[in-house]
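This report describes selected features of side-chain packing and helix arrangement. The sequence and the structure are shown first.

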Amino acid sequence: MSNEALAKDAGLAAPEQKPALRPVPFRGGGFRHRPHGAISLLVFVGVLLFWELGCRFGIINSIALAPPSEAFGAIMDLVHTGLLWKHVGLSLYRLIAGWTLGTMLGIGVGIVIGLFSLVRAGLLPLVSALFPVPKIALLPLFVVWFGICEGSKVATILFGTFFPTVIATYSGIDNVDRNLIRMGQSFGLTWLSIVRKIIVPGALPAILSGFRISAAIAIVLLVAAEMIGAQYGIGAYILTAGAEFAVDKLIAGVALLSLIGLAIAWLIGRAERHFLDWRT
């Protein structure tokens, strides 16, 4: 006789069979984007292929828009003549110097505006008044102040990146959850600890987003500054190509600027993944 029959004869019910456990997918990372690097590469290659074939078959006027192969040839000419690094190196120096100084000053001023009411009352109207002013229009003034050499170019980039960084920083501080600050106060944290452990990390997403905007502004101002009184640099190269009506060189210069922009975006993305891993 089986065990189930014995249990039934003894008046005992057979133990119920529990259903098999099914794993539940994690739902805590809602709206989190998944990387699809292959798609972006395919789109980029597809655009270049369509551009090249369009120029080859006459769909696109190659005089008005040179094919990518000719632009690549112009870049290779820069490599062979040794001028590529001279143009790119000087542009990177001006960009890094101006952007770094502008963002560091912007973060400092944005933090004190976000934390101190008296400073906000004094500086915020000034920032709001100067931010809409086109920084390119001030370039001749910077040339008068700092000369036609590197000082005026770095100052233009610094001035242009300073204001968006200030606004992004104090806006990020204003948007920090006040319940977290009250919680820190209830646990007896000092003012400095609250700033360092709650306010600054909470404002980092906005600050890093401001980095992306200020970097794009810095590249625009870099080209404008190098078109005035610069012998070398990507902006000077583009200006010379435009004067010569060399469309392939123009597109080559724009491609170099795009590569710099992609490199900066990649670096900021790495910084976001490193400093904002607590959001995942």
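Is Phe146 buried, partly exposed or exposed? In this predicted model, Phe146 is partly exposed, since its relative accessible area is 46%, a value that lies between the cut-offs of 20% and 50%.

Phe142 is buried, because its relative accessible area is 5% and the limit for burial is under 20%. Trp145, by contrast, is exposed, with a relative accessible area of 55%.

Eight aromatic pairs are found when the whole structure is searched.

| Pair | Distance between ring centres | Angle between planes | Class |
|---|---|---|---|
| Phe142 and Phe146 | 6.1 Å | 40 degrees | tilted |
| Trp145 and Phe146 | 6.4 Å | 80 degrees | edge-to-face |

For Trp145 and Phe146 the planes stand at 80 degrees, so the pair is edge-to-face, the criterion being an angle over 60 degrees.

**Helices α4 and α7**

Helix α4 spans residues 84–115 and helix α7 spans residues 150–174. Their axes come within 6 Å of each other and cross at roughly 35 degrees. The crossing of α4 past α7 is right-handed. Among the residues that make up the contact of α4 with α7, 18 are nonpolar, nine are polar and four are charged.

**Ser91 and its surroundings**

Which residues does Ser91 touch, leaving aside those up to four places away in sequence? Ser91, a residue of helix α4, touches Leu222, Glu226, Gly233 and Ile234. Ser91 counts as buried because its relative accessibility is 0%.

**A charge over a ring**

A further side-chain arrangement involves Lys86 and Tyr232. The charged end of Lys86 sits over the ring of Tyr232, at 4.5 Å from the ring centre.

Key
Residues are numbered from 1 along each chain as its sequence is written. This is a predicted model: local features need pLDDT of at least 70, side-chain atom pairs count only at pLDDT 80 or more; totals for chains, interfaces and linings use all residues. Side-chain values use heavy atoms; hydrogens and water are left out. Axes are lines fitted to C-alpha atoms, for helices over the stretch in contact, and angles run from 0 to 180 degrees between N-to-C directions. Helices (H or I, at least four residues) and strands (E, at least two) are DSSP runs, numbered from the N terminus. A crossing is left-handed if the near helix is turned anticlockwise from the far one by less than a right angle, and right-handed if clockwise. Ala, Val, Leu, Ile, Met, Phe, Trp, Tyr, Cys and Pro count as nonpolar, Asp, Glu, Lys and Arg as charged, and the others, Gly among them, as polar. Buried means under 20% relative accessible area, exposed over 50%, partly exposed in between (1.4 Å probe, protein chains only). Contact means heavy atoms within 4.5 Å. Rings of Phe, Tyr and Trp (its six-membered ring) pair if their centres lie within 6.5 Å; planes under 30 degrees apart count as stacked, over 60 as edge-to-face and the rest as tilted. A charge sits over a ring if NZ of Lys or CZ of Arg is within 6 Å of the ring centre and within 35 degrees of the ring normal.
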